[in-house]
Amino acid sequence: MLDTGHPADPPGARIPPILEGFVKRAVLAALLITAALLTPATAAADPPVRFATFNTSLNRPAEGQLLADLSTPDDPQARAIADAIQRIRPDVVLLNEFDHVPGGAAVEAFRTNYLQRGKNPIDYPYAFTAPVNTGVPSGFDLNNDGVVGGPDDAFGFGEFPGQYGMVVLSKHPIEEVRTFQHFRWADMPGAKLPDDPRTPEPADWYSPEELRHLRLSSKSHWDLSIRIGGETVHLLASHPTPPNFDGPEDRNGLRNHDEIRFWADYVTPGRGDYIYDDTGTTGGLPEGERFVIVGDQNSDPLDGDSTAAQLLLNAPRVVDPLPGSIGGVAAALRQGGANTQHRGNPFHDTGDFNDEAPGNLRVDYVLPSWPLKPLRSGVFWPTGEHPVTEASDHRMVWVDLLV
């Protein structure tokens, strides 16, 4: 499951000095993970449960196109994504950037035509998907270009409602759901609202009327109660906006921060009292509940345009299993560019981005809470050829937990 092979170095290639220490630690970590994978299972009464997150890039430029592509078993990108899932075989997995189709038809087509086919079919009897904010018209000029309409003026950037949606697949029952699609950004105490640098007034990029309607989630935030044996684990799923594609007002960077902060407040006793869900129920996660935060946070703890992921890593009871791969190290060495200046260890990278800026980053997370116990973890980043590296610019992250 973990590919520890090394790519052949081209003539004259050498490891940049800034990466030498990273490489040594990555090799040691890979050996430890390999040893763990080869160690017999513990004597626990229940087997570990594998949680995963995967930005699949199964988004399409037009509404209905993804469903059409998944209606036959012939789409090469979907086959590559399904093959990665079949190899890693998570018990519970969040799929980001999977266009939402009302009624779940695209989810069912993916399960039937891709996941349940091939040499290693896998079945997920439980699934959840719901509307998201991407592509939903706001009726306002949110990017302040003088024109109302288009993807930049939607509640979340998108060409049509549901583009870049989310799906959860599970082998365990999904019993209760809280969604926070309509929570307003301005209702977060101390929200980092953007400022228009052309005016003297503070935090005035959005008008008061816009703030009365503008939602925090660029897609949505979901709390799914998953029943595993005799325990309930809350899967906290989201996909904050990328912290770029804006101007000096940094509206996307600030929104990314507060979308991430939402979960940090939600799991911190006494800090989530302001939160309300789409049914009007208020409050954060009850104290002591077990949870796993999953998703493409579009934030690296040390590098890139957002380091807001630190809010999650420092939240109460959150455990960072530090998943990684030799493939991430190999890619950083091969691609160079911004990767040679990063402070973070490329062993933990999960996104393969532009070599010049921002370089490869750790942006996808599976973060359990104590007393859930991580046994093994990894990032599926093959060092050799595999179609998944062309199918998505993200890699699947997985963690085995004793529940």
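Trainee: Is Ser-57 buried or exposed?
Mentor: This is a predicted model, so every value here is computed from it. Ser-57 is found in strand E1, residues 49-58. The cut-off for burial is under 20% relative accessible area. Ser-57 has 14%, so the residue counts as buried.

Trainee: What is the phi of Ser-57?
Mentor: Ser-57 is a residue other than glycine.

Trainee: Where is Tyr-164 found, and what is its phi?
Mentor: Tyr-164 is in the loop between strand E3 (126-128) and strand E4 (166-170). Tyr-164 counts as buried, at 19% relative accessibility. Tyr-164 also has a positive phi, in a residue other than glycine, near 65°.

Trainee: Which residue does the side chain of His-386 join in a polar contact?
Mentor: Start with the setting: His-386 lies in the loop between strand E10 (373-380) and helix H9 (388-391). His-386 has a relative accessible area of 9%, so it is buried. Beyond its neighbours within four places in sequence, His-386 is in contact with Ala-80, Asp-83, Arg-87 and Phe-380. The side-chain polar contact, at 3.2 Å, is with Arg-87.

Trainee: Is Arg-362 buried or exposed?
Mentor: Arg-362 sits in the loop between helix H8 (326-335) and strand E9 (364-368). Burial needs a relative accessible area under 20%. Arg-362 has 7%, so it counts as buried.

Trainee: Which side chain makes a polar contact with the side chain of Arg-362?
Mentor: Leave out residues up to four places away in sequence, and Arg-362 touches residues including Ser-299, Asp-300, Asp-320, His-348 and Asp-349. One of these makes the side-chain polar contact, at 2.8 Å. That residue is Asp-320.

Trainee: What is the omega of the peptide bond from Ala-357 to Pro-358?
Mentor: Pro-358 is found in the loop between H8 and E9. The bond from Ala-357 is cis. Its omega is near 10°.

Trainee: Which residue is joined to Pro-371 by a cis peptide bond?
Mentor: Pro-371 has its place in the loop between E9 and E10. Omega of the cis bond is about 15°. The partner is Trp-370.

Trainee: What is the volume of the largest cavity?
Mentor: Rolling a probe the size of a water molecule over the atoms shows where empty space is left. A search of the whole structure finds four cavities of 30 Å³ or more. The largest cavity has a volume of about 50 Å³.

Trainee: Which residues are closest to the centre of the largest cavity?
Mentor: The lining divides into three nonpolar, four polar and three charged residues. In total, 10 residues line this cavity. Closest to its centre are His-342, Gly-344, Pro-346, Asp-349 and Asn-360.

Trainee: What is the volume of the largest pocket, and which helix gives the largest share of its lining?
Mentor: The volume of the largest pocket is about 760 Å³. Among the 38 lining residues, Thr-241, Pro-242, Asn-244, Phe-245 and Asn-298 are the closest to its centre. The lining divides into 14 nonpolar, 14 polar and 10 charged residues. The largest share, three residues, comes from helix H6.

Trainee: How many of the 17 residues of H6 are buried?
Mentor: At 1.5 Å a residue, H6 should span 24 Å. Its end C-alpha atoms are 25 Å apart, which agrees. H6 is mostly covered, and its buried residues number 15.

Key. Residues are numbered from 1 along each chain as its sequence is written. This is a predicted model: local features need pLDDT of at least 70, side-chain atom pairs count only at pLDDT 80 or more; totals for chains, interfaces and linings use all residues. Side-chain values use heavy atoms; hydrogens and water are left out. Helices (H or I, at least four residues) and strands (E, at least two) are DSSP runs, numbered from the N terminus. Buried means under 20% relative accessible area, exposed over 50%, partly exposed in between (1.4 Å probe, protein chains only). A polar contact is a pair of N or O atoms within 3.5 Å; within protein, one must be able to donate a hydrogen and the other to accept it, and residues adjacent in sequence count only if both atoms are side-chain atoms. Contact means heavy atoms within 4.5 Å. On a 1 Å grid over the protein atoms alone, a cavity is a set of points where a 1.4 Å probe fits but cannot get out, and a pocket is an open set with protein on both sides within 12 Å along at least five of seven lines; lining residues have an atom within 4 Å of a point. Grid points are joined across faces, edges and corners, and a volume is the space filled by probe spheres set on the points. Ala, Val, Leu, Ile, Met, Phe, Trp, Tyr, Cys and Pro count as nonpolar, Asp, Glu, Lys and Arg as charged, and the others, Gly among them, as polar. The expected span of a helix is 1.5 Å times one less than its number of residues.
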